[in-house]
Amino acid sequence: MTSIAETRPLLAGQPTGAGVNTAVARDFPAWQRLVTESFVPLDVTTDHPDEFHGQLRSRVLDEVSIVEVTAKGHTVFRTPHLIARSDRMYFKLSLQISGTGMLIQDNREAVLEPGDLAVYDTHRPYSLIFDDDFRSMVLMFPHDLIELPVDTVGQLTAVRMAGDSGLGKMISPFLVQLTANLDQLSGASGLRMAHNALDLVTTMFAAELNLGRNNSENPHRALVNKIRDFIELHLGDPELSPAAIANEHFISTRHLHNLFQSEGTTVAHWIRTRRLEHCRRDLRDPVYQHRPVAAIASRWGFIDAAHFSRIFRSAFGESPSNYRNSGHPAG
């Protein structure tokens with residue numbers, strides 16, 4: 001096995017707008033280095049090192065990495081020791097294009113046939129097993145780039161999402177075409193396509209979770225999810241407050257605070273985090289490049305521009321204006 005000491009994936013460190021990067025490994029040691037350096041620290045093994053070859057084609061748009069992986073059979077491990085080296089948390093969505101694969105995480109196994117999708121979390125151990133030649137697409141993005149809570153997405157890790165039924169029947173072909181046309185993903189249109197892909201993936205996750213909610217979700221979880229959905233729909237309302245949320249759901253403010261405390265956060269922190277994420281996304285969206293920072297802040301419920309600038313800098317390490325103008329993803 002091999003691993004590296006890097007804590008930041010090279011793909012995530014590429015500047016937004018960089019062209020398609022193609023890297024070919026003609027032997028297994030080269031593949032070990034390439035894989036572990038391109039994503040997050042990993043251990044990689046194979047039963048046939050003398051016959052190995054593989055290729056990665058990748059493009060990075062904002063903090064979203066789109067990677068086509070073509071290789072002979074091998075196994076990938078993400079261990080607690082390697083997780084401890086990483087300073088950023090990512091989700092990875094795997095789309096099987098050809099061949100078969102198995103994803104193992106959180107005591108679940110997903111066997112993926114062509115067209116199938118599955119998500120996994122780089123902050124927890126996982127294994128990927130490919131017995132024979134395969135081709136897949138990996139969409140890698142930080143936890144905070146999608147609207148769903150991390151613990152909610154955690155209910156879907158290593159769960160097969162079929163590519164031939166439900167929303168997968170529409171989303172899987174879109175992602176295949178996205179991968180096949182990486183060279184077309186440039187400029188403003190490429191950035192929006194990457195965010196569109198995340199929106200579609202979020203929609204698919206939500207649909208999968210709703211199927212489970214109807215049958216197995218307990219009342220506590222159902223109420224928390226209902227409240228989170230309500231907050232997401234009303235983030236732009238500057239009057240959104242714990243009292244307003246509690247009244248809307250016919251519960252006391254104290255009960256609302258207890259619900260979020262049991263989730264390891266607070267109502268105010270959840271609202272602020274979701275607003276900041278929407279602002280960050282709009283600041284990078286070419287459609288809004290001529291809209292003043294204060295207008296973007298106001299759109300998501302921040303009516304005090306100076307206060308917004310302070311908490312944005314605290315969250316992301318630079319001012320909203322610098323973040324908008326920088327040529328690389330912050331954080």
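The questions and answers below concern a predicted model, its confidence, its domains and the packing of some of its helices.

This is a predicted model in which local features need pLDDT of at least 70 and side-chain atom pairs count only at pLDDT 80 or more, while totals for chains, interfaces and linings use all residues. Residues are numbered from 1 along each chain as its sequence is written, and side-chain values use heavy atoms, with hydrogens and water left out.

Q: What pLDDT does the protein average?
A: The pLDDT is the predictor's confidence in each residue, from 0 to 100. Of the residues, 91% score at least 70, although over residues 1–17 the pLDDT is below 50. The average for the protein is a pLDDT of 86.

Q: What distance separates the centres of domain 1 and domain 2?
A: The protein is divided into domain 1 (21–214) and domain 2 (219–326), with bounds that come from an automatic or database domain assignment. Their contact (heavy atoms within 4.5 Å) takes 18 residues from domain 1 and 17 residues from domain 2. Taken over C-alpha atoms, the centres are separated by 28 Å.

Q: Which residues of helix 9 make the contact with helix 7?
A: Helix 7 and helix 9 (residues 253–261) pack at an angle of about 100 degrees, with their axes 11 Å apart, and are therefore roughly perpendicular to each other. From helix 7 the contact uses His220, Leu223, Val224, Ile227, Arg228 and Ile231. From helix 9 it uses His255, Leu256, Leu259 and Phe260.

Q: How many charged residues has the contact of helix 10 with helix 12?
A: Helix 10 and helix 12 (residues 305–316) pack at about 90 degrees, with their axes 11 Å apart. Among the contact residues are Arg272, Glu277 and Arg280 of helix 10 and Phe308 and Phe312 of helix 12. Ala, Val, Leu, Ile, Met, Phe, Trp, Tyr, Cys and Pro count as nonpolar, Asp, Glu, Lys and Arg as charged, and the others, Gly among them, as polar. By class, the contact has eight nonpolar residues, no polar ones and, as charged residues, three.

Methods:
Axes fitted to C-alpha atoms, helices over the stretch in contact; angles between N-to-C directions. Helix = DSSP H or I, 4+ residues; strand = E, 2+ residues; numbered from the N terminus. Parallel < 35°, antiparallel > 145°, perpendicular 65-115°, else oblique.
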